[in-house]
Amino acid sequence: MIAAVLWALAGVGLLFGLGGHSDGQVRVFWLFQAPLDALLAYSSWRVFRMATGALRRFWRILAIAGALFTIGDSTQVVLAFHRHGQWSTAGGTVQGVCFAVGMGAVIVAMLLHPMPGQSRREKMAFWLDSTTVLVGGAVVAWCFAVGNAGAEDLVGILTTGAIILTAGFAAVKLVLSGNAPMHRAAAIPMVVSAGVNSLGFFLAPGADGPLPAYVYAIRFFPSLLIALGPRIQEIVVRFDAAIGFGSRRRRRYSLLPYGSIAVAFTAVLAVLPRDTTAKVLGAVAGLGLIFALVVLRQLAAFHDNTRLLDQLDVTLAELREHEARLRHQALFDGLTGLANRTHFHEEVTEALATCAPGTTCLLLIDLDGFKAVNDTLGHAAGDALLAGVADRLRASVRENDLVARLGGDEFAILLRDCGDEDAVLTAKRILESLADPIRYGDTAVRANASIGLACGGPGDEVGSLLRAADLAMYAAKHDGKGTWMRYHEDMQPTGR
């Protein structure tokens, strides 16, 4: 970028240094543009390789346009060095075709770039704002071009002006949509280049001889600005793709239509005849003052509305956060962070309704000796033991399994899509993990457990499956504790 800026400054210096020598100025004008076009094509191609989707399409078209500009301007360099008595910056046939095709492709890419989903009211506001900007630009073109051109040049001037305005309209569309294919830092020089290009077009539109050096410089400078945009985009994307390509939040209102009105009003003032009467000047000045006051009043209203909407957004975010906290409190145990009984019942019900027969298994886990820990070391030690057991249980199951604390020192695990053998392996793995003591301060607390296992499928109820696992767990306790037991029909109590 530094090299491009220095190169452009050198070209501007030569344009002023060759003042009065139009042949040399035209040759410098074209010679110094080609490398900037090449930078535009190369940087756009680099960004294209890093982009995806519609963004990739836009940058591919911009890279192709840069290549066409390079070919056209390079051809014009050769022609400029073989001609004499030249002063116009208009290109030849090859340069004109390459510019028209490249510029047309870029305009189409901007117009077709997808906009984010919007309501009908937002779309109407967008098109009204964009059309206001387009009409404002047309007023400026009419004031500065039509009155200064001969009849034979009028069609060409209006055609070129229409291209510039269409390009400006397409750029405004991207800016207002909040979905521009480039970062703001990259868009600024490219948008400014369109403005400078328009200014250079309206300077000396009817001239039929050598142009002042500043006209050549102003018409040359957009080549630097438009080349810097893709280079800045490439740097931003290399630093952080989320920043470079991420869509940004649209402003709640746009200042562009007001700027368009101000520019159009200034153009009207500039073309007023020198002998305009005081009555007309007073009326025009009054209109300008009314416009300024209305805009200030409107901006104040926009500011108040934006502040209220921002406060509403904050309130809604706080409500959603509070709702999430309440839901978490309703479904999860506060001490261990595990699912509570209500949440566990819901998940088991859903699993039973959707699983294959015999593939939904429950493990019911009851700690042995938990009351002794509470009585001898205190409730804090008991809480530490429960939290430690919760961590061991989470680490012993798969990601899609659910661990819950049903209450006190009783835990349960839902094993989804799990057969009998895998459930047995999980129970053994849990007992092995609980064999290691859990640290509490300077004391090591051991958490022995008894585990009951029961499996079910569609048609089974949560309550009956839990009772079966509970019977198996008590059978494991009677069998010596610190072990597991699978449920079978003989465990059902017999009636008398």
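Predicted model: local features only at pLDDT ≥ 70, side-chain atom pairs only at ≥ 80, totals over all residues.
Residues are numbered from 1 along each chain as its sequence is written, and side-chain values use heavy atoms, with hydrogens and water left out.

**View 1. Helices α2 and α3 pack against each other.** Let's start with α2 (residues 22-31) and α3 (residues 33-50), whose axes lie 4 Å apart at an angle of about 15 degrees. The two helices are therefore roughly parallel (an angle under 35 degrees). Axes here are lines fitted to C-alpha atoms, for helices over the stretch in contact, and angles run from 0 to 180 degrees between N-to-C directions. Helices (H or I, at least four residues) and strands (E, at least two) are DSSP runs, numbered from the N terminus. Phe29, Trp30 and Leu31 of α2 meet Gln33, Ala34 and Pro35 of α3, with contact meaning heavy atoms within 4.5 Å. The residues of this contact divide into 5 nonpolar, 1 polar and no charged. Ala, Val, Leu, Ile, Met, Phe, Trp, Tyr, Cys and Pro count as nonpolar, Asp, Glu, Lys and Arg as charged, and the others, Gly among them, as polar.

**View 2. Cys361 and Cys455 form a disulfide.** A search of the whole structure finds 1 disulfide, defined as a pair of cysteine sulfur atoms within 2.5 Å. The sulfur atoms of Cys361 and Cys455 are 2.1 Å apart. Their S-S torsion is about 100 degrees, so the disulfide is right-handed. Cys361 sits in strand β1 (residues 360-368) and Cys455 in strand β6 (residues 448-456), so that the pair links distant parts of the chain, 94 residues apart.

**View 3. How covered are the cysteines?** Cys361 has 0% relative accessibility and counts as buried, whereas Cys455, at 28%, counts as partly exposed. Buried means under 20% relative accessible area, exposed over 50%, and partly exposed in between (1.4 Å probe, protein chains only). Cys418 is buried at 3%; its sulfur is 5.0 Å from the closest cysteine sulfur, in Cys361, too far for a bond.

**View 4. Strand β6 pairs with β1 and with β7.** The β1 and β6 pairing is antiparallel, over 9 bridges, and Thr360 has Gly456 in β6 as its bridge partner. With strand β7 (residues 484-486), β6 pairs in the parallel sense over 3 bridges; here Leu453 is bridged to Arg486. Strands pair if DSSP finds at least two bridges between them. Of the 9 residues in β6, 7 are buried.

Notes:
Parallel < 35°, antiparallel > 145°, perpendicular 65-115°, else oblique.
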